[in-house]
Amino acid sequence: MKDIFSLPIAPSFSSELPADPLTTNVSRQVKSSCFSFVKPISPARPELIHYSASLLKEWNVGIENKKEFTEVMSGNKSFLGFRPYAMCYGGHQFGQWAGQLGDGRAINIAELEVNNSLLKFQLKGAGPTPYSRRADGLAVLRSSIREYLCSEAMHNLRVPTTRALSLIKTGDMVPRDILYNGNVRAEPGAIVCRTSPSFIRFGNFEIFASRQDKKNLTNLVDYTIKHHFKELGSPSKTTYLSFFEEVVNRTLSLVIHWQRVGFVHGVMNTDNLSILGLTIDFGPYGWLEDYNPGWTPNTTDAQHRRYRFGNQPNVALWNLTQLANALYPLIDEAEPLENILTGFKVKYAHQSHSMMCNKIGLYSFDKVSDGLIYTLEENLRVSEMDMTIFFREISSFESFKWQDFKLILKQCSYMEESELISHFPKWKDWFKEYKKLVLTENIEKKSRLDKMKLTNPKYVLRNYMAQLAIEKAEIGDYSLVDELYTLLQNPYDEQPEFKKWYAKRPEWAKQKVGCSMLSCSS
Ligand code: AMP
Ligand code: MG
């Protein structure tokens, strides 16, 4: 098998787009450039904690020399022939234009050709860049484990995502104030190497639009289409509109996936939305446990809950509107952009309905009323049902007897049984209608249930699971990182050997920092 370092270097972003002429690594505004060349810092004692064997397998390569791999993936040694760089972007954060942001702690260390396509490799936490503002450019083990495990889990859940290749502990300690309340703690530093065909975000376009730099805006749009949307054709106003429409469709599809698996991104700022429609930047994300559309894991957003589960589709549309504003100078007409944005709402309603029907194993979508789905979601919310377990249990529900359905409700609810029972009449009405539709569709039972099991994962990376892995890793035991990585390779499979992870959130995790409460500190 070929070694990963034998993959050919194929720079496009850094060879085709304008570079920052300055190479001094100090925080500053970088104008008229897409990126700045910058070197990672050298960590004290890099230690390879984990790497994604499945990613290497997909690429058909191996790691011949672990030491060399660790040196490169920690930033100590460069990819031969590649000049590392950080990207310039801006963004709207929590609804406000925030100006230049950029890769403050991400450094692209390679662009490689893999299986006939081009992939970018980026180290997160490898030191400051011109975009670091007042921060240190570093990342801690806690947030790196969360990014590493969740990227790979998302991929296996069939949710579009950037991937994670390696997780390295740097040997340096990094000060962090987790809850922003003055309690600074020294935490172990870490670096994740993540990969993606592109790390371009909505904010990469917004920064040029905000600076009225139409030339570079056009450069970047043309580059993006040429490399990532080439089927849309050569640059023209029509192609730019098709490009925007395609980004809208991909973003919509991404959010549908998030809603399907109960993922809450937590910081859907425009600098965290990928132009390819991938999940990117795993910060204070979380997984819905009791079905509460108002829930957000991000304590920084606790007051307005802008990024709550149920608001993700609206925020996606809001962000797409900012992208439309950024692309406007190239199109010079508002109406076609507005029409595409209006289409989002219609398509979302339609696709969300189909997705929810899939989750309950009904496939004649147009025969299922919106009311049935609405009532289901409302019942799940008021009776505090664990989302993952509820949908998985009904994916093996054979008897269709009310008595048995009640057992599922009891198994899934976080409520006291006495309280839950008061919601049974509502559930009974819903169940009657649901059963009628299932019987009318008359699909062979096994094939219906098998299909449901491919829509409703059995295992997701619940916050408390990641937190347990983090606590062990902080004392040098990486066994749980490995166990969760393995478990989440096959989230739709029964995996009876891992059945302890098919359980509701334990009581202790309900109000624990790192489990239900996460901040942007990372
Ligand atoms: P995030 O909300 O984590 O996506 O980050 C928003 C912006 O802050 C991005 O420009 C990041 O690069 C930057 N940033 C976050 N943490 C750090 C850090 N420790 N050092 C430098 N920049 C950072
Ligand atoms: Mg970010």
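Modeller: This is a predicted model, in which local features need pLDDT of at least 70, side-chain atom pairs count only at pLDDT 80 or more, and totals for chains, interfaces and linings use all residues. Residues are numbered from 1 along each chain as its sequence is written, chains are lettered from A and ligands numbered from 1 in the order in which they are written, and side-chain values use heavy atoms, with hydrogens and water left out.

Colleague: Metal first. Which protein donors does the magnesium ion (ligand 2) have?

Modeller: They are Asn272, through OD1, and Asp281, through OD, at 1.9 to 2.2 Å from the ion. Donors here are N, O and S atoms within 2.8 Å of the metal (3.2 Å for Na, K and Ca); water is not among the atoms, so sites may look incomplete.

Colleague: Is asparagine 272 buried or exposed? And what about aspartate 281?

Modeller: Asparagine 272 is buried, at 9% relative accessibility. Aspartate 281 is buried too, at 13%. The cut-offs are under 20% relative accessible area for buried, over 50% for exposed, and partly exposed in between, with a 1.4 Å probe and protein chains only.

Colleague: Now ligand 1. Which residues come nearest to it?

Modeller: There are 17 residues around ligand 1, and the nearest are Gly102, Gly104, Arg133, Gly137 and Asn272. A residue is near a molecule or strand if one of its heavy atoms lies within 4 Å of it.

Colleague: How much of ligand 1 does the protein bury?

Modeller: The protein buries 82% of the 480 Å² that ligand 1 exposes when taken alone. Those areas come from the Shrake-Rupley method with a 1.4 Å probe; for residues, only the protein chains shown count as cover.

Colleague: Back to arginine 133. Where does it lie?

Modeller: Arginine 133 is in the loop between strand E9 (117-124) and helix H4 (141-156). Helices (H or I, at least four residues) and strands (E, at least two) are DSSP runs, numbered from the N terminus. Arginine 133 counts as exposed at 52% relative accessibility, and its phi is near 50 degrees, a positive value in a residue other than glycine.

Colleague: Change of topic. How many aromatic pairs are there in the whole structure?

Modeller: The search finds 41. One of them is phenylalanine 94 with tyrosine 307: the ring centres are 5.3 Å apart and the planes at 40 degrees, so the pair is tilted. Rings of Phe, Tyr and Trp (its six-membered ring) pair if their centres lie within 6.5 Å; planes under 30 degrees apart count as stacked, over 60 as edge-to-face and the rest as tilted.

Colleague: What does that pair of phenylalanine 94 and tyrosine 307 tie together?

Modeller: Phenylalanine 94 is in the loop between strand E6 (90-93) and strand E7 (96-100), and tyrosine 307 is in the loop between strand E13 (286-287) and helix H8 (312-331), so the pair ties together parts 213 residues apart in sequence. Phenylalanine 94 is partly exposed at 30%, while tyrosine 307 is buried at 1%.

Colleague: Which residues do ring pairs link into a cluster?

Modeller: Among them are Phe390, Phe391, Phe400, Trp402 and Trp427. Phenylalanine 400 is in the loop between helix H11 (387-394) and helix H12 (402-412). It is buried at 9%, with a positive phi of about 55 degrees although it is not a glycine.

Colleague: What sits over the ring of phenylalanine 391?

Modeller: The charged end of lysine 359, at 4.4 Å from the ring centre. The criterion is NZ of Lys or CZ of Arg within 6 Å of the ring centre and within 35 degrees of the ring normal. The side chain of lysine 359 also makes a polar contact of 2.9 Å with the side chain of asparagine 456.

Colleague: And asparagine 456, buried or exposed?

Modeller: Asparagine 456 is buried, at 0%. Its side chain also has a polar contact of 3.1 Å with the side chain of serine 395.

Key: Polar contact = N/O pair within 3.5 Å; in protein donor to acceptor, adjacent residues only side chain to side chain.
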